[in-house]
Amino acid sequence: MIHFPIFIAAITSLHLTVFVLSSRLIPDPQCNSSDPVTLRSDQMTVIISGYSENRIPLLHSIAAAYSAAPSVSAVVLLWCNPSTSPQTLSELTRNISVDAVLRSPSSSLNYRFYPWEIIKTRGVLICDDDVDPNPRSVSFAFNVWRSDPDQAVGFFARSHAYDVASRTWIYTMERRKYSIILTKFMIINIKHLVRYSCDEQYREARRIVEDMNNCEDILMNFVVAEENQKGPVMVGVKGGGVRDYGDARNDGVVEGLRKVGLSSRKGEHRKRRGECIREFHRVLGRMPLKYSYGKMVSDVGEQGLCEKGGKLVLCDQQDFR
């Protein structure tokens with residue numbers, strides 16, 4: 001068992017109360033996972049990772065969106081900023097629509113994939129505190145995941161590639177293929193949390209995440225692909241369905257929402273993530289990432305163009321023929 005100071009919040013009446021268990025025992029991931037028979041499969045648990053106090057107002061909207069989705073059993077806020085005082089956290093999270101607040105023992109990104117005891121579902125949605133979905137999008141993504149619970153499912157995808165000129169692995173974004181689902185919104189099986197946190201073969205890779213303060217999502221894609229030998233699944237919802245406040249391409253976002261994110265470091269961020277891929281490949285001795293080439297969509301419409309009012313529009317905007 002590992003002894004960590006951890007703060008847990010519970011719902012009391014109409015507000016959230018944060019209290020301290022000065023030396024709560026967190027199970028050492030060696031690893032006591034829940035019996036799969038006892039875990040719910042009809043809903044999932046949402047783990048929102050929070051760090052910046054500037055994003056607390058946005059968290060209210062995000063948590064409410066997840067709570068409203070019928071596919072969600074529980075919403076948990078994992079607070080990862082060690083400098084935030086318990087009093088400040090209690091005040092800032094009052095009336096937020098979550099079932100619990102866990103204060104991470106440290107700012108380590110590895111704790112995003114810790115198999116917390118509070119998780120009582122097979123499906124787990126790991127997400128950022130700057131991605132605001134609508135409930136319909138959440139449920140659609142969950143239904144896609146349920147069709148194959150061994151896969152990783154999400155709205156945001158990237159890719160690894162081998163650069164022939166430099167003879168090295170790089171991190172990139174390609175239009176025709178992808179191999180990495182980001183933790184902006186990632187649905188995975190709880191067994192992959194256990195594998196990530198507990199399997200000795202990933203010990204050195206977890207240390208790389210610690211040292212780089214980055215790339216926990218890339219490592220999880222390594223873990224999932226290693227087990228199922230398949231690429232991830234990207235989903236899409238008509239009209240978007242998900243707003244990403246943390247994307248560096250945003251213009252006019254609320255001050256403080258975008259610049260605190262790791263991805264706001266632009267070229268440096270991409271370079272570091274390429275280094276992570278190379279290091280994971282080195283310590284594991286293999287490249288398990290697999291490419292996927294399509295996207296699951298929530299709506300099937302016409303692709304042909306028709307004329308309406310003198311303008312070309314998609315034919316499904318015309319009367320059905």
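These are my notebook entries on what I looked up in this predicted model.

**Ground rules.** The model is predicted, so I keep local features to pLDDT of at least 70 and side-chain atom pairs to pLDDT 80 or more, while totals for chains, interfaces and linings use all residues. Residues are numbered from 1 along each chain as its sequence is written, and side-chain values use heavy atoms, with hydrogens and water left out.

**Entry: strand S14.** I began with strand S14, residues 185–189. Strands here are DSSP runs of E with at least two residues, helices are runs of H or I with at least four, and both are numbered from the N terminus. Is S14 buried or exposed? Five of its five residues are buried, so S14 is largely enclosed by the rest of the structure. Buried means under 20% relative accessible area, exposed over 50%, and partly exposed in between, with a 1.4 Å probe and protein chains only.

Next I looked up the partners. Two strands pair if DSSP finds at least two bridges between them. Strand S8 (residues 121–128) pairs with S14 in the antiparallel sense, over five bridges. Ile126 has Met186 as its bridge partner in S14. Strand S10 (residues 153–154) also pairs antiparallel with S14, over two bridges. There, Val153 stands opposite Ile187.

**Entry: strand S7.** Strand S7 covers residues 100–103, and both of its faces are covered. Ala100 and Leu102 lie on one side, Val101 and Arg103 on the other, and all are buried. Strand S6 (residues 72–79) runs parallel to S7, joined by four bridges. Val76 stands opposite Ala100 in S7.

**Entry: a three-stranded sheet.** I found an open sheet with the order S12-S11-S13 and antiparallel pairing. Which are the edge strands? Strand S12 (168–172) and strand S13 (180–181) are, since each pairs on one side only. Strand S11 (residues 157–163) and S12 are joined by five bridges and run antiparallel. Ser159 has Thr172 as its bridge partner in S12.

**Entry: aromatic pairs.** How many aromatic pairs does the structure hold? I count ten. Rings of Phe, Tyr and Trp (its six-membered ring) pair if their centres lie within 6.5 Å; planes under 30 degrees apart count as stacked, over 60 as edge-to-face, the rest as tilted. Phe222 and Phe280 form an edge-to-face pair, 5.6 Å centre to centre, with 70 degrees between the planes. Phe222 lies in helix H6 (residues 216–228) and Phe280 in helix H7 (residues 267–284), so the pair ties together parts that are 58 residues apart in sequence.

**Entry: charges over rings.** A charge sits over a ring if NZ of Lys or CZ of Arg is within 6 Å of the ring centre and within 35 degrees of the ring normal. Lys177 lies over the face of Tyr291, at 4.1 Å from the ring centre. Lys184 lies over the face of Phe156, at 5.7 Å.

**Entry: positive phi.** Most residues other than glycine have a negative phi. I logged Cys215, with phi near 75 degrees. Cys215 lies in the loop between helix H5 (203–212) and H6. At 0% relative accessibility, Cys215 counts as buried. I logged Gln229 too, with phi near 60 degrees. Gln229 is in the loop between H6 and strand S15 (233–236). At 47% relative accessibility, Gln229 counts as partly exposed.

**Entry: Gly239.** Gly239 is in the loop between S15 and strand S16 (242–244). At 81% relative accessibility, Gly239 counts as exposed. From C-alpha to C-alpha, Gly239 and Asp299 are 9.9 Å apart in space, and 60 residues apart in sequence.
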